[in-house]
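Please work through the exercises below with the sequence and the structure in view. Each task is followed by a solution in steps.

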Amino acid sequence: MDKIRIRTLFMIIMSGALFFNLEEVGADVSKFHGFAEMDYGAKVSDDNTKRDNFNLLEQRLQLKTMYTFEGENYEPRGVHSHKPNVVYGYLAEKSSVLNFKGDFTVDEYFSGKTDFELRELNITLTPYRLMDAQFGRQIITWGTGDYLFVNDLFPKDYISFFIGRDDEYLKKPSDAMKLSFYPSPANVDFVVSPFEPNTIPEGDRLSFFDSFQGGIAGVNSDRDLLEPPLQLSNNEYALRIYRNFESNELAFYYFRGFDKNPTSYKDEAARQLFYPRLDVYGTSLRGPTSGGIGNIEFGYYNSREDSGGNNRLIANSLFKVLTGYEKDLGSDLKIGLQYLYEQTSDYGNYKANLLPTDFVFDESRHLLAQRITKLYKNQTIAVSLFNFYSPSNRDGYVRPTASYNISDQWKATLGANLPWGEDDLTEFGQMKRNKNVFFRARYSF
Amino acid sequence: MKIVKIFIISLTFLVVFGHKLVLAQGGLSAYDIITQSRLSFFYAGDDMKAKVLMELVNKNGQKRVRELTMLRKDYEEGGNQKYFMYFHQPADVKDTTFMVYKYPDKDDDRWLFIPAINLVKRIAANDKYSSFVGSDFTYEDVSGRKPEEDTHTLLRKDILDGKDCYVIESIPKSASEYTKRISWIDATDFLPLKEEFYDKQNEVYRRFEAQEIRGMNGVLTITKRVMKNTKTGHRSEATFEDVEYNLGIGDDIFSERYLRKAPVQWIK
């Protein structure tokens, strides 16, 4: 936590200094935009988390701005020498843009704790005609799924997702260097970043299945999550190579880093979990199919620290395939269907090495997802139903939302998160005591 | 020598424009007029850049604003086109970009970039009658319709706001959003001045009007257009500002690269 606070503070000072510097050299810092928002999410099921009547009550102010470096013969303001600013000149020549986005929050869940969350602070430039570079904190997304990810191994915040914050907050920022190349045969994205885990339920706000507690746990959970130390050899690398063949988009992916979730055990007695090393190889294809958009995506997750599947403490390798189809039925009605299949490799070895007291997870999982969206009143009202259902896990997750753009500035959103499941240890079954209804009111400017 | 030159020039003129002159005096079929109108309206220049301000007004007078920069590049007169749009307003969609590859003979390819989550989303595009950004304009109104999709009849000649125009009735050959469309098309420059769309009850439910036409870069352009839904009272007014043609917009602009990083020099 301290590490994060220091980093955030550093970022604020850096951004302040940057903008101050821009003012100083006479640049016009373009206007700030963003929104102010009030969020409230009431619980509709009991559990033993920190609070039993709500899990979302916060105010949020998001500010964002972008600054474009431009002008070739730039001269600093009020300086009598006519020497151009070399750095500024370079950035202008390379059509650089500085992006900033940050959220100030007051979180009543933690008794009115104020916080600042830096979402983006990065500079993008085009050093060469066929290359872009982006440095700094940024949000990176790729792949073809809708709420389902196979080759997008960038960090996510599932607490935000399950308590009813805007979809924007499902994606966590990465402190990254992203290089993009655009030669004619194919485009290439290459990302280097330090490890950043997913934010997952840990008992204080949302209850979850804790194997150390032998069931669904809340504040009684006391497990310890060990992140890989911040060092060069623990950097993560992500690569995407993509191109279009007429209307179809083909992509190949490679990821080398760590599992984003603490799936493996370091020391059972000390209740320590860790994020094992992971390589992912994948591919995807997306394009028009029978009047809609079809997509298919594969990923092979190689658990490098247990590639034979013999270590019961470390997650096995995994194969995932995701297919989807979306169609516009007219009259602002859209439907989307997805099917995800996951299969654990070397399941026999996993089973053979389990101890009698261990929880047994299935070899495969089938997950169906469906989304229906209908817009009304000149697209100012959006009603959407997202439904996950796994016949193999006998669990699911229903996510209805309705939003109304009262004006260009005001928007109200009402929704619910309704996970369910027969067992306690499945993906959605473990979330079943976190059912909630949420409301958000946002003023954009 | 001089006489020969004049003769050749006159002959060239006749060959190039004579054909048009003759037809305009009565030989143009309804189909020809609609075809020419589509080219004048949707294919002017080889490429185009415009800042579009759209006001969506409901029957109570409540107003919403959509402000976007639009780039268009034509690949073939009457054929394939590419569009790139960058949204400036309203605040909640600011910096969103939208790209369309338009094919007259099959469904468009559409991509939407949502900056908040850095996501490039493929948009299913088989419904060309869906509303464009919540306005009364459909995707088809914004990017055109193939003349072959309707049967056209020249009803009469008329004078609208002091301009000679052809009045043409278009009946869709297969199921469509409308059952009949009546268009008033300027007899000189072929721009549509007014269009009325009829529903199954044979009542007008949408009305298009070109309210301002100006020469931009030497190309006559409808700089203010209104689409009104006569049934709901909702209307959309689109004003085109800073319209420029034949800028030599590169093919590379219409790509995922620029969806994610909007091309500053074009969208300002």
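The exercises concern a predicted model and treat the build of one chain, then individual residues.

**Exercise 1.** Determine whether the radius of gyration of chain B agrees or disagrees with that of a compact globule.

Solution. Begin with the length: chain B has 268 residues, for which a compact globule would have a radius of gyration near 18 Å. The value for chain B is 20 Å, which agrees. As for extent, the C-alpha atoms of this chain fill a box of roughly 70 × 55 × 35 Å along the principal axes.

**Exercise 2.** State how many helices and strands chain B contains, and what share of its residues is buried.

Solution. Chain B comprises five helices and 13 strands. Of its 268 residues, 32% are buried.

**Exercise 3.** Classify Asp332(A) and Asn378(A) as buried, partly exposed or exposed.

Solution. Asp332(A) sits in the loop between strands E17 (318–330) and E18 (333–344) of chain A; its phi is near 55°, a positive value in a non-glycine residue. Burial requires 20 or more other C-beta atoms within 10 Å. Asp332(A) has 19 and is therefore partly exposed.

Asn378(A) belongs to the loop between strands E19 (364–376) and E20 (381–390) of chain A, and its phi is also positive, about 50°. Because Asn378(A) has 20 C-beta neighbours inside 10 Å, it counts as buried.

How values were computed
Residues are numbered from 1 along each chain as its sequence is written. Chains are lettered from A and ligands numbered from 1 in the order in which they are written. This is a predicted model: local features need pLDDT of at least 70, side-chain atom pairs count only at pLDDT 80 or more; totals for chains, interfaces and linings use all residues. Helices (H or I, at least four residues) and strands (E, at least two) are DSSP runs, numbered from the N terminus. The radius of gyration is taken over C-alpha atoms; the globule rule is 2.2 Å times the number of residues to the power 0.38. A residue is buried if 20 or more other C-beta atoms lie within 10 Å of its own, exposed if 12 or fewer, and partly exposed in between; C-beta atoms are placed from the backbone.
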